[in-house]
Amino acid sequence: DTDRSRGLGDVYKRQMLYIVITCITPGPNNIMCMYLGAHCGLRGARKFMTASIAMFFIKMLLCGILNVALADVLPEIVPYLKWLGAAYMLYLAIHILMDGFRKKQDNVDEAVQTGESGYKRGVLLQVLNVKSWMGGLSVFSIYVVPYTTEFVTILLVACINSACMIAASLIWCSFGRAVRKVYSEHIKVFSVIMAALLLWCAYTALI
């Protein structure tokens, strides 16, 4: 029992490390949080982050509860998810790039008015974000389901994932907010960089 407990402890440590790394590293959600933080601040990005985090939590629950079923159909649906996700990231990249080259008199808070930072965009990004789908499936298939299928554990892991994502989203958005003045002065450069990062995300989703 002692050896098994130590083994499970090592599994939980590796699980936490994996979760933190996947949440904090650059991805579509984090890049959008940084962009919205620089573009319209934390307040303007709150709807996007709320919807994205809520959808992420639901997705983690689905990955845990339906892990076996999803694993069976994954080879069939992943190609479609990859292309849909890459297409949406391409759309976001083009939108960010175009936004950076608009005339200066355009209101930088237009994102809030047009729904760019709204709930629908946050939900859609998570639905089509292959990185977090694969991350969720990997967490449960490697670190959870082989040891337990109890709903309480699945719920706990989903909550831990979501908590890490909340922290990562706030960090990236706060960073964007912190460089807002620099962003407004060099909006074209920042837009090109962030669009390029999203294009890189789209590329890595396809390979």
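Guide: What follows describes the cavity, its lining and then the chain around it.

This is a predicted model, in which local features need pLDDT of at least 70 and side-chain atom pairs count only at pLDDT 80 or more, while totals for chains, interfaces and linings use all residues. Residues are numbered from 1 along each chain as its sequence is written, and side-chain values use heavy atoms, with hydrogens and water left out.

A cavity here is a set of points, on a 1 Å grid over the protein atoms alone, where a 1.4 Å probe fits but cannot get out. Grid points are joined across faces, edges and corners, and a volume is the space filled by probe spheres set on the points. Searching the whole structure gives one cavity of 30 Å³ or more. The volume of the largest cavity is about 210 Å³.

Lining residues are those with an atom within 4 Å of a point. The largest cavity has 17 of them, and Thr22, Cys23, Phe56, Lys131 and Ser132 lie nearest its centre. By class, the lining holds five nonpolar, 11 polar and one charged residues; Ala, Val, Leu, Ile, Met, Phe, Trp, Tyr, Cys and Pro count as nonpolar, Asp, Glu, Lys and Arg as charged, and the others, Gly among them, as polar.

Helices are DSSP runs (H or I, at least four residues) and strands are runs of E (at least two), numbered from the N terminus. At least two lining residues come from each of helix 1 (2-24), helix 2 (28-65), helix 6 (130-144) and helix 7 (151-178). Helix 2 provides the largest share, five residues. The protein chain as a whole has nine helices and zero strands.

With a disulfide taken as a pair of cysteine sulfur atoms within 2.5 Å, the count is zero. The sulfur of Cys164 has its closest cysteine sulfur in Cys23, 5.1 Å away, which is too far for a bond. For Cys173 the closest cysteine sulfur is in Cys33, at 5.8 Å, again too far. Buried means under 20% relative accessible area (1.4 Å probe, protein chains only); Cys164 is buried at 18%, and Cys173 is buried at 0%.

Of the 207 residues of the protein chain, 43% count as buried. With contact meaning heavy atoms within 4.5 Å, 86% of contacts between residues at least 6 apart in sequence join residues at least 24 apart.

Note on methods: 1 Å grid on protein atoms, 1.4 Å probe; cavity = no way out; pocket = protein on both sides within 12 Å on 5 of 7 lines; lining within 4 Å. Buried < 20%, exposed > 50% of the residue type's maximum accessible area, 1.4 Å probe, protein only.
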